[in-house]
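The report that follows describes a single model, element by element and residue by residue. Please keep the sequence and the coordinates at hand while reading.

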Amino acid sequence: MSDAATDLFGFSDRLSPAARAKLAALRALLDERARPHLAQWWEDAHCPAHLRRELAALDLEDDPAVAGPDGTPDPLYVGFKHFEFARCDMSIGTIYGGQVGMFRTVVREGGSPEQVARWDPGIASFSVTGCFALTEPEHGSDVAGGMQTTATRDGEGWRISGRKRWIGNAAISDVILVVARDASDGRAKVFLVPREAPGVSLTDISGKISLRMVRNADIELTDVVVPESDRLQRIDDFGDLSAILAKLRHVVAWNAAGLQVGAYEAALAYALRREQFGRPIAGFQLVQEKLARMLGNATASLAMAVGLTDLREAGRLGEEHAALVKMWTADRARETVALAREVCGAEGIRVDTDVARMFADAEALYTFEGTREINALIVGRAVTGLSAFTR
């Protein structure tokens, strides 16, 4: 749960007692089972995939106690769930959220009723694990128009060939959701591809400075055979897929807010215990100014995350809203983690303070869900009516 000291406007007061209790249980598990090991896991680039089953046991997603009037989880609760993960560690949030967020949402929204009935129970329990493969070595921001992975109809099924890059959780997933361009009409289709299928080759991406505990992979697909029954039946073009992904775009703001609160708390704890000139550095004016700026950034980012979520629930969320909030909160996250590093001085580059890990992870946050430049152009198009995108 968000504390009063870092939720100055009391947004979490809107949560039900059951939602607050569920979030408190999540924080307790992360504090007990993850936090003591984070520095070493980050240092070793170790993926704590074992935590997924422990987190699944909390029933964070489908417990009726945290559902809203429509039977789905309260959106504010979902936001604060992401906030809690990011406050502790963004890698763990990605290891868990890539399954119940991206993978599950695309299957639920893009699959036929029969496919959802077949796959969703296993996804929810983590007995079936999965990831989402969209970006490619040569195509990130322009993947919608430049996708080179193709799916060719072959009798009653398909043959898929191509390459994917930066696919999170691929090596720890049973199934890869592969987005491919239909060779016959050029439209995007999405396929459930077993990781161990003939023709699928994975290579872990090493040398990362961000999200080091997440196993990102390069994937090569060579004439991978997939039956029509494993093509998501309600996705027939990139527009269908984009509409599904838009349901998840508000999450990045919650990540940005949680990351900043985690960095602020780590810097504050260090400043209170670190003494120079005979007293804690938390008592010096310039340190307090940095702490105040960090708290302001985190508070404003949380307010924007809540506002974005409210817009989504009201059916008024446009791509310009999500783009503006992603751009702004990611900017503030970069500033906040840099200030936290400054407060901790030389110790701020060591993972033991937590600050170094968050300082590095902010760089991943700054890039994913659209680069700053792309999001700026989306906002610019909305406010001017003129598109500055080039083809």
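Tryptophan 166 lies in strand E3 (residues 157-168), where helices (H or I, at least four residues) and strands (E, at least two) are DSSP runs numbered from the N terminus. The model is a predicted one, in which local features need pLDDT of at least 70 and side-chain atom pairs count only at pLDDT 80 or more, while totals for chains, interfaces and linings use all residues. Residues are numbered from 1 along each chain as its sequence is written, and side-chain values use heavy atoms, with hydrogens and water left out.

**Positive phi and the loops**

The phi of tryptophan 166 is near 65°, a positive value in a residue other than glycine, and with a relative accessible area of 45% this residue is partly exposed. Here buried means under 20% relative accessible area, exposed over 50%, and partly exposed in between, with a 1.4 Å probe and protein chains only. Asparagine 169, found in the loop between E3 and strand E4 (175-182), also has a positive phi, of about 70°, although it is not a glycine; at 2% relative accessibility, asparagine 169 counts as buried. Glycine 345, which follows H11, has a positive phi near 55°. Alanine 346 is found in the loop between helix H11 (319-343) and helix H12 (355-367), and its relative accessible area of 61% makes it exposed. Between alanine 346 and phenylalanine 103 there are 243 residues in sequence and 40 Å in space, C-alpha to C-alpha.

**Helix spans**

The expected span of a helix is 1.5 Å times one less than its number of residues, and the table sets this value beside the distance between the end C-alpha atoms.

| Helix | Residues in helix | Expected span | End C-alpha distance |
|---|---|---|---|
| H1 | 18 residues | 26 Å | 25 Å |

In H1 (residues 17-34), the residues Ala19, Lys22, Leu23, Leu26, Arg27, Leu29, Leu30 and Ala34 are buried. They cover an arc of only 160° around the axis, which puts them on the same side of H1; the arc is that of the directions from the helix axis to the C-beta atoms. On the other side of H1, Pro17 and Glu32 are exposed. The cover over the buried residues of H1 includes helix H2 (38-44), helix H3 (51-56), helix H4 (75-88) and helix H5 (90-110).

**Nonpolar cores**

A nonpolar core is a set of buried Ala, Val, Leu, Ile, Met, Phe, Trp, Tyr and Cys residues joined through side-chain atoms within 4.5 Å. The largest such core has 75 residues, of which Leu55, Phe80 and Ile92 touch the most other members. Helix H9 (residues 251-273) supplies the largest share of this core, 13 residues. Apart from it lies another core, of 20 residues, among them Phe132, Leu134, Val143 and Leu241. Contact means heavy atoms within 4.5 Å, and, leaving aside neighbours within four places in sequence, leucine 55 is in contact with Leu26, Leu29, Leu30, Leu60, Phe85, Ile92 and Tyr96. As for H9, 18 of its 23 residues are buried, so this helix is largely enclosed by the rest of the structure.

**Aromatic rings**

Rings of Phe, Tyr and Trp (its six-membered ring) pair if their centres lie within 6.5 Å, and planes under 30 degrees apart count as stacked, over 60 as edge-to-face and the rest as tilted. The structure holds seven aromatic pairs. In one of them, the rings of phenylalanine 85 and tyrosine 96 have centres 5.1 Å apart and planes at 20°, so the pair is stacked. Because phenylalanine 85 lies in helix H4 and tyrosine 96 in helix H5, the pair ties together parts that are eleven residues apart in sequence. Both phenylalanine 85 and tyrosine 96 are buried. Phe80, Phe83 and Trp254 form one aromatic cluster.

A charge sits over a ring if NZ of Lys or CZ of Arg is within 6 Å of the ring centre and within 35 degrees of the ring normal. Arginine 279 lies over the face of phenylalanine 284, at 4.1 Å from the ring centre, and arginine 332 lies over the face of tryptophan 328, at 5.1 Å from the ring centre.

**Serine 301**

Serine 301 lies in helix H10 (residues 285-313) and, at 0% relative accessibility, counts as buried. Leaving aside its neighbours within four places in sequence, serine 301 is in contact with Ala253, Ala257, Gln260, Trp328, Thr329 and Arg332.
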